[in-house]
Amino acid sequence: MQGKVEISGINTAKLQVLKNDEMTQLLRRASQGDSQAREMLIYGNLRLVLSVIQKFLGRGENVDDLFQVGCIGLIKAIDNFDVEQGVRFSTYGVPMIVGEIRRYLRDNSAIRVSRSMRDTAYRVLQAREKLMRQSQREPTVEQIAKELDIPREEVVFAMDAIVDPVSLYEPVYSDGGDALCVMDQVRDRTNTDESWIEQIALKDAVERLGEREKKILAMRFYQGKTQMEVSQEIGISQAQVSRLEKSAISSIKKGL
């Protein structure tokens with residue numbers, strides 16, 4: 001969106017910004033049915049939508065589409081905002097805009113979630129919006145679970161199932177130089193220096209075993225055969241297989 005001035009036919013470089021007292025007056029008028037005040041609120045908060053959709057860039061979605069969906073969330077926030085709660089409109093409006101965009105991305109995602117899980121997620125979102133209207137703040141998982149009379153775990157699983165995938169290249173921090181991406185904060189536990197050293201030491205310890213011990217370990221732990229099956233194939237007793245197996249494992253432990 002960098003350098004893009006006109007979005008959905010609106011010149012974003014000339015968007016107005018409402019002052020706090022103007023916002024309060026317009027919100028009161030809009031809550032009483034004043035359509036002109038409602039329209040002024042929408043245009044006066046389009047910068048809020050712009051700031052939110054920045055978070056969802058880089059996913060291949062059309063900026064104009066995201067902006068229009070964000071505006072739907074803004075309108076819902078304006079229509080449901082309660083001035084008497086004494087909180088800033090942005091505190092209530094941003095989660096509503098984000099929720100609307102996430103709903104749009106979820107419904108248009110190539111990743112499919114089961115119908116029952118999606119139904120539960122929709123109920124959770126509806127309960128969340130209802131509780132937000134009542135308290136003008138983000139409800140807890142426990143409050144949502146109590147509202148729907150379902151276990152807390154179901155709420156968590158349903159919300160996790162519809163979370164938008166995040167690109168590994170999505171920037172999370174920038175100090176003016178190279179941006180820090182999600183990839184930089186994800187640890188690969190299988191390819192660390194420690195695991196490489198352990199693999200090298202293990203390979204070296206196995207190489208020191210005799211051929212028969214190597215074969216027994218391969219049949220037991222790679223092929224999944226029992227000691228009886230190994231003894232029949234090699235032609236020795238099960239007791240000998242057991243003794244050679246323990247000896248080989250002991251040697252490997254010493255080598256490590």
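Q: In this predicted model, which angles between helix axes count as roughly perpendicular?
A: Angles run from 0 to 180 degrees between N-to-C directions. The class called roughly perpendicular covers 65 to 115 degrees.

Q: How are α6 and α8 oriented to each other?
A: Helix α6 spans residues 115-135 and helix α8 spans residues 152-161. Their axes lie 8 Å apart, at an angle of about 105°. The range from 65 to 115 degrees applies, so α6 and α8 are roughly perpendicular.

Q: Which residues of α8 meet α6?
A: The α6 side of this contact consists of M117, T120, A121, V124 and L125. By class, the contact of α6 with α8 has nine nonpolar, one polar and one charged residues. On the α8 side, the residues are E154, V155, F157, A158, M159 and A161.

Q: Is A145 buried or exposed?
A: A145 sits in helix α7, residues 141-148. Its relative accessibility is 6%. Buried means under 20%, so A145 counts as buried.

Q: What is the C-alpha to C-alpha distance between A145 and V155?
A: Beyond its neighbours within four places in sequence, A145 is in contact with I150, P151, R152 and V155. A145 and V155 are ten residues apart in sequence. In space, their C-alpha atoms are 6.3 Å apart.

Q: How many aromatic pairs are there, and what is the geometry of F81 with F89?
A: The count comes to two aromatic pairs. For F81 and F89, the centres are 5.4 Å apart, with 80° between the planes. Planes over 60 degrees apart count as edge-to-face, so the F81 and F89 pair is edge-to-face.

Q: Are F81 and F89 buried or exposed?
A: F81 has 9% relative accessibility. F89 has 6% relative accessibility. The cut-off for buried is under 20%, so F81 counts as buried, and F89 counts as buried.

Q: What class does the pair of F81 and Y92 fall into?
A: The ring centres of F81 and Y92 are 5.8 Å apart. Their planes are at 50°. Under 30 degrees is stacked and over 60 is edge-to-face, so the F81 and Y92 pair is tilted.

Q: Which parts does the pair of F81 and Y92 tie together?
A: Both F81 and Y92 are buried. Along with F89, they form one aromatic cluster. The pair joins parts eleven residues apart in sequence, because F81 lies in the loop between α4 (63-80) and α5 (89-107) and Y92 in helix α5.

Note on methods. Residues numbered from 1 in each chain as written. Predicted model: local features only at pLDDT ≥ 70, side-chain atom pairs only at ≥ 80, totals over all residues. Heavy atoms only, no water. Helix = DSSP H or I, 4+ residues; strand = E, 2+ residues; numbered from the N terminus. Buried < 20%, exposed > 50% of the residue type's maximum accessible area, 1.4 Å probe, protein only. Contact = heavy atoms within 4.5 Å. Parallel < 35°, antiparallel > 145°, perpendicular 65-115°, else oblique. Nonpolar A, V, L, I, M, F, W, Y, C, P; charged D, E, K, R; others polar. Phe/Tyr/Trp six-rings, centres within 6.5 Å; stacked < 30°, edge-to-face > 60°.
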